[in-house]
Amino acid sequence: APGQNLELVALTEGSAEWRATETKLKETLPSAKLKRLVRVQNLSLWEYYRFREDQTKKLSRGKGANVVHVWHGTRENDPMVICRDGKDGFMMQQSRA
């Protein structure tokens with residue numbers, strides 16, 4: 001909604017974005033079962049990412065950043081718990097090695 005910094009968008013099973021995400025997920029976690037997929041849209045984090053990406057490109061003489069996709073599972077937890085942690089959108093205490 002206009003004026004909001006954060007939005008969760010539930011993706012439909014079988015959509016192009018769902019299928020692409022599931023394919024990428026199974027490259028590293030072949031037995032994983034995707035039950036629900038929510039895209040986090042956070043304007044502040046996106047602007048910070050773009051700023052850092054531009055800086056990296058300038059410092060690397062145009063080579064750019066080595067972008068890596070990461071996954072953040074929530075089990076049965078509400079994704080908003082992570083999004084509203086007031087930090088960087090990733091809760092280390094919820095992750096496992």
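Which helix does Thr21 lie in? Thr21 lies in helix 1, and the views below start from the whole chain and come back to this residue. The model is predicted, so local features need pLDDT of at least 70 and side-chain atom pairs count only at pLDDT 80 or more, whereas totals for chains, interfaces and linings use all residues. Residues are numbered from 1 along each chain as its sequence is written, and side-chain values use heavy atoms, with hydrogens and water left out.

**Figure 1. The whole protein.** Along the sequence the pattern reads β-α-β-α-α, made up of three helices and two strands. Here helices (H or I, at least four residues) and strands (E, at least two) are DSSP runs, numbered from the N terminus. Of the 97 residues, 15% count as buried; buried means under 20% relative accessible area, exposed over 50%, and partly exposed in between (1.4 Å probe, protein chains only). The protein exposes about 8,200 Å², with carbon and sulfur atoms supplying 53% of it. Those areas come from the Shrake-Rupley method with a 1.4 Å probe, and for residues only the protein chains shown count as cover. Among contacts with a separation of 6 or more, 51% join residues 24 or more positions apart, a contact being heavy atoms within 4.5 Å.

Figure 2. Searching the whole structure turns up three salt bridges, each defined as a side-chain nitrogen of Lys or Arg within 4 Å of a carboxyl oxygen of Asp or Glu. In this view Glu17 pairs with Arg39, and their closest N and O atoms are 2.8 Å apart. Because Glu17 lies in helix 1 (residues 16–28) and Arg39 in strand 2 (residues 38–42), the pair ties together parts that are 22 residues apart in sequence. Glu17 is partly exposed at 33% relative accessibility, and Arg39 is partly exposed at 27%.

**Figure 3. Two salt bridges within helices.** Lys24 and Glu27 form a salt bridge with an N to O distance of 4.0 Å. Both lie in helix 1, three residues apart, about one turn of the helix. Lys24 is partly exposed at 44% relative accessibility, while Glu27 is exposed at 55%. In helix 2 (residues 43–59), Glu53 and Arg50 are likewise three residues apart, about one turn of the helix, and their side chains meet in a salt bridge at 3.3 Å, N to O. The relative accessible area is 22% for Glu53, which is partly exposed, and 37% for Arg50, also partly exposed.

Figure 4. Where does Asn42 lie? Asn42 lies in strand 2 and is buried, with a relative accessible area of 16%. At the start of helix 2, a side-chain oxygen of Asn42 reaches to within 3.1 Å of the backbone nitrogen of Ser44. A polar atom of the Asn42 side chain also lies 3.0 Å from the backbone nitrogen of Leu45. Leaving out residues up to four places away in sequence, Asn42 touches Asn5 and Leu6. The 17 residues of helix 2 should span 24 Å at 1.5 Å a residue, and the end C-alpha atoms are 24 Å apart, which agrees; the expected span is 1.5 Å times one less than the number of residues. Just after helix 2, Arg61 takes a positive phi of about 55°.

Figure 5. Which residues make up the largest nonpolar core? Its seven residues are Val9, Leu11, Trp18, Leu25, Ala32, Leu34 and Leu37. A nonpolar core is a set of buried Ala, Val, Leu, Ile, Met, Phe, Trp, Tyr and Cys residues joined through side-chain atoms within 4.5 Å. Leaving aside neighbours within four places in sequence, Leu37 is in contact with Val9, Ala10, Leu11, Glu17, Trp18 and Thr21. Thr21 is buried, with a relative accessible area of 16%. A polar atom of the Thr21 side chain lies 2.8 Å from the backbone oxygen of Glu17. Not counting residues up to four places away in sequence, Thr21 touches Leu37 and Trp71.

**Figure 6. Ala32 in its loop.** Ala32 sits in the loop between helix 1 and strand 2. With residues up to four places away in sequence set aside, Ala32 touches Leu25 and Lys26. Ala32 and Glu22 are ten residues apart in sequence, and their C-alpha atoms are 8.8 Å apart in space.

Methods:
A polar contact is a pair of N or O atoms within 3.5 Å; within protein, one must be able to donate a hydrogen and the other to accept it, and residues adjacent in sequence count only if both atoms are side-chain atoms.
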